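Thanks for joining. I'll take you through some helix geometry, then the chain contact.

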Amino acid sequence: MIRRPRLPVPEDFTAPSHSPLVAARLGLWLGVAFGLCFGTGLLSHYIQHPPGWFAWPTRPVNLYRVTQGVHVLSGVAAIPLLLAKLWSVYPRLFVRPPVRQPIRLSVHALERVSVLVLVCAAFFELVTGLFNVAQSYPWGFFFPTAHYAVAWLVAGAVLLHVAVKLPVARAALGTPLRGRTAARAAAPGRDESSERRAFLRTSVGVAGIAVLATAGVTVPWLRRVSPLAWRSASGPQGIPINRTAAAARIAVPPDWRLEIVWPGGRHTLSLADLAALPHRTAELPIACVEGWSASAHWTGVPVVELLRWAGAPTGRPVRVTSLETDGLYAASTLPAAHARDPLTLLALRINGEQLSPDHGYPCRLIAASRPGVLQTKWVARLEVLR
Amino acid sequence: MRAVRLLLLVLGAAATAYGGWLLLPQLGTTLPWLIGGPVLHDVLVAPLVGLGGLALGRLVTNRLRLAWIAAGLMASATLLLIAVPLLWRPPSAPPNPGLPDRNYPVGLAVGLTVLWAAIVLILVVATTVDRRVTDRRTNRP
């Protein structure tokens, strides 16, 4: 028998995994993963670009480590869930448009466009996020702004998709997966309900394996288990490094002095002066926006004590500037809550050793519950803002 | 439900418009990466997965075995996808002496080996149990 090749129609796909019962459940789980990813991503964006109404707490010290860990791991879990969901609804790609009915055609077109935006944006977020954690940028755009903008496209397109599909999804979620015994007895042979459940179980299981394979970037007891964790906790002096002193073109002048500036005053001090001040040791994590995190024991002068000692006002935001002259992260602003936190240190030592040049010698900022990119290295200047 | 759907529609349209407006300055460079995913998936990946599934269904007739092999293939494909940025670093990536900080190919190979060893083990145990149950049934007078 020779059939002429033709474009398939939805009815050609007979596997039980293409059932709306499966698609609705996968959609729900994918919605949870995307929701977590969007919420934690938005938090990370606001911490780095705080609007006036936004405040981020200093405790627990691991808070940002947890939210950003959830961000990358929910993204990883979304990869197999998205592929399973697309497989489940793949036959819908071949639905023929109702050409002769203008109203139904426009609804059909609107649904298609919203789904296209959703799939484009969802793939974009997962692919760019995955390359970013490996610090690889094989594209021409600026990752943070593009990833942020497309996140809003995903969020909006998900809401549109739910608005369109709500009746179908509700009916599907209300129908139990386990087919009734009578129905199974009536149609012997292929057990569709058990195949549907097997497909869903496999999708969730694979999402779990994907998380397990990467969670070692942030979960200490999984460090040795996760083969695809993009960062281990190892590195010079026990902590990984993103930006080296050579990459930042840092040359510490022999007469380096820390400058403290506030409205109406100025004070400078040498490294020896800084070393002579009372120190404090705190265990704080470096929690990178790329999701990896690792804790270290940092020793240095609490910023609030330093300001008090210099006679500068405390309880205000502080701008911390690096020796680095260019680069996006050459400076950061400590919000007032972090500036008055006694655990916010100008660290001179890490795990009992003097900071190496790559860790920010002569001194670096380390504060609780902040993204690693804001923990300014090679500090040259503290400016108390109004 | 009508009100909820209408609210979702308005919120969704607003968020999509906001995202589009934010993306506008970078639209030219992001467009290929936006379109690439669905095109690659719909034209290449999904048909190949479908054909692969059909072929696998012909080769493996035992239902249980088929389900576990399919699960293993799905897990392997996911692990390979996650590993792509770790295994392949295009020259545009900036040098970072901290990266790569572990041997990813070996890690991936070990991970896949453990995965398939577990699946083989499960299938062997399941087949043995199955055979015992069948034997007991046939031995009964």
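A definition to start: helix axes here are lines fitted to C-alpha atoms over the stretch in contact, and angles run from 0 to 180 degrees between N-to-C directions. Keep in mind that this is a predicted model.

Take H2 of chain A, residues 63-89, and H6 of chain A, residues 192-214. Their axes come within 8 Å and cross at roughly 150°. Over 145 degrees counts as roughly antiparallel, so that is how H2(A) and H6(A) run relative to each other. The crossing is right-handed.

Who meets whom? On the H2(A) side, we have Leu73(A), Val76(A), Ala77(A), Ile79(A), Pro80(A), Leu81(A) and Ala84(A). They face residues of H6(A), including Ser203(A), Val206(A), Ala207(A) and Thr214(A). By class, this contact has 11 nonpolar residues, 2 polar and no charged ones.

Next, H4 of chain A, residues 143-174. How far apart are its end C-alpha atoms? Only 40 Å, for 32 residues. A straight helix would reach 46 Å at 1.5 Å a residue. Now look at Lys165(A): H4(A) bends there by about 70°. A proline, Pro167(A), follows within four residues.

Last, the contact between chains. Chain A gives 61 residues and chain B gives 53. On the chain A side, the elements giving two or more residues are H2, H3 (102-133), H4 and H6. Which one has the largest share? The bent helix, H4(A), with 15 residues. That side of chain A divides into 46 nonpolar, 14 polar and 1 charged.

That's my tour. Questions welcome.

Conventions
Residues numbered from 1 in each chain as written. Chains lettered and ligands numbered in written order. Predicted model: local features only at pLDDT ≥ 70, side-chain atom pairs only at ≥ 80, totals over all residues. Parallel < 35°, antiparallel > 145°, perpendicular 65-115°, else oblique. Left-handed = near helix turned anticlockwise from the far one by under 90°. Contact = placed C-beta atoms within 7 Å. Nonpolar A, V, L, I, M, F, W, Y, C, P; charged D, E, K, R; others polar. Expected span 1.5 Å × (residues − 1). Bend = angle between axes of the 7 residues up to and from the residue.
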